[in-house]
Amino acid sequence: MSTEKYWVATISKEHTQRGVNGNFIQVCHGKQAPLKRMKKGDYLLVYSSKQTFEGNEKCQSFTALGQVIDDEVYPFQMSENFKPFRRNIKFIECLETPILPLINELEFIPNKKSWGYPFRFGFFEIKENDFNRITSKMMKNEI
């Protein structure tokens, strides 16, 4: 039985790309606690409800897939007044995958009419079968 856990982080597509380019993840406006819940070897899916953090243009897709590569949670000085916490991630090349066709199949979305509700937490654990269902679509061209 595997011991890895599977996590979803809600991050705009624009900010997700910064993380992918830098091999890190930053969640919940830079909070440390959610990142400490992950362990080396855990997997991470990034869901982007919007294209940009400040904009309103919808994305509604899973935009990144990665694996936690170490046990370090560290602060990073982004600006004089902002020092968020980060976690090192090895991102895996994948396809951006819309959520709408998957909603009825995902267990972590109990209320299909209010499907966006779980993502409001910004960071949460999902079961392996939901992770596999999503990543099977993200990795379609790899098989």
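How many residues apart in helix H1 are Glu14 and Arg18, and what separation along the helix does this give? Glu14 and Arg18 are 4 residues apart in helix H1, so about one helical turn separates them. The legends below describe close-up views of a predicted model.

View A. Glu14 is partly exposed, with a relative accessible area of 35%. Arg18 likewise counts as partly exposed, at 44% relative accessibility.

**View B. The side chains of Glu96 and Lys13 form a salt bridge.** Here the N to O distance is 2.8 Å. Glu96 belongs to the loop between S5 and strand S6 (97–98), whereas Lys13 belongs to helix H1 (residues 13–22), so the pair ties together parts that lie 83 residues apart in sequence. Glu96 is partly exposed, with a relative accessible area of 39%, and Lys13 is partly exposed at 30% relative accessibility.

**View C. Lys127 and Glu107 are partners in a salt bridge.** Their closest N and O atoms are 3.8 Å apart. Lys127 is placed in the loop between S7 and H3 and Glu107 in the loop between S6 and S7, so that distant parts of the chain, 20 residues apart, are linked. Lys127 counts as exposed, at 54% relative accessibility, while Glu107 is partly exposed, with a relative accessible area of 44%. The structure holds 5 salt bridges.

**View D. Strand S3 pairs with both S1 and S4.** S1 and S3 run parallel and are joined by 5 bridges; Thr10 has Tyr47 in S3 as its bridge partner. The pairing of S3 with S4 is antiparallel and extends over 7 bridges. Leu45 has Leu65 in S4 as its bridge partner.

**View E. The largest nonpolar core contains 20 residues.** Among the residues with the most contacts inside this core are Leu45, Phe62, Ile126 and Ile134. Two or more residues come from each of strand S1 (6–10), strand S3 (43–50), S4, strand S7 (123–126) and helix H3 (128–138). H3 gives the most, with 3 residues. Beyond its neighbours within four places in sequence, Leu45 is in contact with residues including Trp7, Phe62, Ile126 and Ile134.

**View F. Phe76, Met78 and Phe82 make a nonpolar surface patch of about 240 Å².** Phe82 is found in the loop between strand S4 (58–75) and strand S5 (85–91). At 32% relative accessibility, Phe82 counts as partly exposed.

Methods: Residues numbered from 1 in each chain as written. Predicted model: local features only at pLDDT ≥ 70, side-chain atom pairs only at ≥ 80, totals over all residues. Heavy atoms only, no water. Patch = residues over 30% accessible without salt bridge, like charges linked within 9 Å, V, L, I, M, F, W, Y side chains within 5 Å. Areas by Shrake-Rupley, 256 points an atom, 1.4 Å probe, with all protein chains shown as cover. Salt bridge = Lys/Arg side-chain N within 4 Å of Asp/Glu carboxyl O. Buried < 20%, exposed > 50% of the residue type's maximum accessible area, 1.4 Å probe, protein only. Core = buried A, V, L, I, M, F, W, Y, C linked by side-chain atoms within 4.5 Å. Contact = heavy atoms within 4.5 Å. Pairing = 2+ DSSP bridges.
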